[in-house]
Amino acid sequence: MIEEKLFARRQDLFTDLSLVFMDTTSLSFHGTDGETLGKRGHSKDFRPDLAQMILALVVDAEGRPICTEMVPGNTADVTVLLPVVDRLRTRFGVTRACVVADRGMISADTIAALEKLGMEYILGARERSSSVIHNVVLNDTAPMVPLVLERQRGETQLWVKEVKVGKDRYIVSRNDAEAEKDKADRQAIIAGLGAQLKKGDKALVGNSAYRRYLKASGKNFKIDVGKLAEEARYDGITVVRTNAKVTPLQAVLRYRDLLEVESLFRAAKATFNTRPIFHQSDAAIRGHVFCSFLALVLSKELRRLCRAKGLTPEWQPLLRDLDRLQEATIEKDGRIVTTRTHVTGQVGNVFKAAGIALPHNLDEQLA
C-alpha cells in the first residue's frame with residue numbers, strides 16, 4: 001500500500017511510465033527464517049548453507065524504486081516477473097510499459113504471457129543454452145554497426161546489429177573492452193589449468209572453471225581446443241530479445257541501464273544493512289526488507305536534490321557525518337539550553353540542497 005501511495009504521489013512528475021527495470025537477488029537468513037519465506041535455493045549471496053528469500057526490485061527509467069516483491073528462497077527467477085507485471089497493471093494502473101529484465105527472467109511462457117498482455121519487453125537471452133541463438137543468431141553474417149558511447153571512464157566501443165528469426169527480434173551487441181577482459185580471463189584459467197595438468201588431472205574435474213575446458217583422453221583429461229574456440233565466440237557478446245518499437249541501439253542501452261538495479265541491490269545489502277536477517281516471522285522479515293526499500297527511495301531523492309545543486313556526496317561518509325550530528329537539551333535554573341554538535345563534511349551543503357534549515361548551535365530560552 002505504501003509503495004502504491006508513493007507511486008501515485010509522484011505520478012505528476014512522470015505521467016508515462018515507459019520503462020520498468022526489474023532484477024532479483026537472494027537474501028540469506030541467520031537463525032530462524034520465517035514461516036514460509038526462508039527456503040533453500042540458488043544463493044546469490046554465496047551462502048548455500050543458509051535458508052534464503054528472493055527479493056525482486058522494480059525501478060523506473062530514472063532509477064527510482066517503484067516496488068518490491070518478496071517470495072520464498074526456492075522460487076525460480078523466471079516465475080517472479082509475471083506476478084510483478086500483473087501487480088503493476090492491477091494495483092499501479094500501468095497498462096503500457098516496456099519491461100527490462102535479465103536473462104534469468106526469459107522463458108517461452110513468460111514471453112507469451114507478456115505479449116498476450118500487450119506489454120513490451122527487452123529481456124536478456126541465454127547465449128550459450130539457446131539453440132536458436134547458438135545456431136542461428138550468432139551465425140548471422142550481416143555486419144555489425146560500430147557505435148561509441150561516452151562514459152565517465154572514457155569511451156566504450158560497441159558493435160550492434162539486429163537479427164530476426166521468424167517474428168522474433170534479437171539484438172546482438174559486442175563490447176570491445178569486455179571482449180578483451182573475457183579473453184584475458186579465459187587465458188588465465190587455461191594457464192592455471194595447464195600447470196595443474198602437469199601435476200595430475202584427477203582433482204581438476206571438481207573445479208567448474210576448469211572442467212568446462214577439459215575432455216577425456218583415455219584414462220586422463222586434456223584441454224579441449226574445440227571448446228576454447230567455441231567460448232571465444234561469446235567474448236564481449238550480449239544478446240537481448242525484444243518486441244519493443246525501439247532501435248537496436250536503444251534496446252542495448254536500455255538493457256545496460258539494468259545495471260542501475262544491481263547497484264541499488266548492492267547499496268541495500270551493504271549501506272542500508274539489509275543483511276543479516278535474524279527475524280522469526282514472515283511479517284517481521286518483510287518489514288525489515290521494506291525499510292531498506294524506503295531508505296533507497298529517500299537516498300535516491302536526496303541524490304536528485306544534491307545533483308541539482310552540483311553536489312555529489314559519497315554516501316557512506318555522509319551517513320557517518322550525519323550520525324555525528326546530535327542535539328542535546330539541558331534545563332537548569334529555570335532556563336532551557338539546546339545545543340548541537342558542529343557539522344562536518346558535506347552535511348551543511350546537503351541540508352541546504354534538501355531545503356532544511358539546521359537548528360542554531362546554541363539556543364537558550366526561559367522554561
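In strand E11, the bridge partner of Gly124 is Val240. This is a predicted model, in which local features need pLDDT of at least 70, side-chain atom pairs count only at pLDDT 80 or more, and totals for chains, interfaces and linings use all residues. Residues are numbered from 1 along each chain as its sequence is written, and side-chain values use heavy atoms, with hydrogens and water left out.

Helices (H or I, at least four residues) and strands (E, at least two) are DSSP runs, numbered from the N terminus. Two strands pair if DSSP finds at least two bridges between them. E11 covers residues 237–242. Strand E5 (120–124) is joined to E11 by three bridges, and the two run antiparallel. Strand E8 (residues 168–175) is also antiparallel to E11, with five bridges. Here Arg174 stands opposite Ile237.

How many residues of E11 are buried? Six of the six are, so the strand is largely enclosed by the rest of the structure. Buried means under 20% relative accessible area, exposed over 50%, and partly exposed in between (1.4 Å probe, protein chains only). Ile237, Val239 and Arg241 point one way from E11. Thr238, Val240 and Thr242 point the other way.

Glu127 lies in the loop between E5 and helix H4 (131–137). A polar atom of the Glu127 side chain is 3.0 Å from the backbone nitrogen of Val239. Contact means heavy atoms within 4.5 Å. Not counting residues up to four places away in sequence, Glu127 touches Arg103, Ile133, His134, Tyr234, Ile237, Thr238 and Val239.

**Nonpolar cores**

A nonpolar core is a set of buried Ala, Val, Leu, Ile, Met, Phe, Trp, Tyr and Cys residues joined through side-chain atoms within 4.5 Å. The largest has 45 residues. Those with the most contacts inside it are Phe21, Met53, Leu57, Ile122, Val261 and Val289. Helix H10 (residues 282–308) gives the most to this core, with nine residues. Leaving aside neighbours within four places in sequence, Met53 is in contact with residues including Leu37, Met70, Ile285 and Val289. Another core, of 26 residues, lies apart from the largest one. Among its members are Val85, Leu88, Ala97 and Ile111.

Strands of a sheet pair through backbone hydrogen bonds, either parallel or antiparallel. Five bridges join E13 to E14. Ile336 stands opposite Gln365 in E14.

Asp333 sits in the loop between E12 (327–332) and E13 (335–340). Its phi is near 55 degrees, a positive value in a residue other than glycine. Most residues other than glycine have a negative phi.

**Cysteines**

The structure holds zero disulfides, a disulfide being a pair of cysteine sulfur atoms within 2.5 Å.

**Accessibility of single residues**

| Residue | Relative accessibility | Class |
|---|---|---|
| Cys67 | 1% | buried |
| Cys98 | 4% | buried |
| Glu127 | 6% | buried |
| Asp333 | 69% | exposed |

Methods:
Polar contact = N/O pair within 3.5 Å; in protein donor to acceptor, adjacent residues only side chain to side chain.
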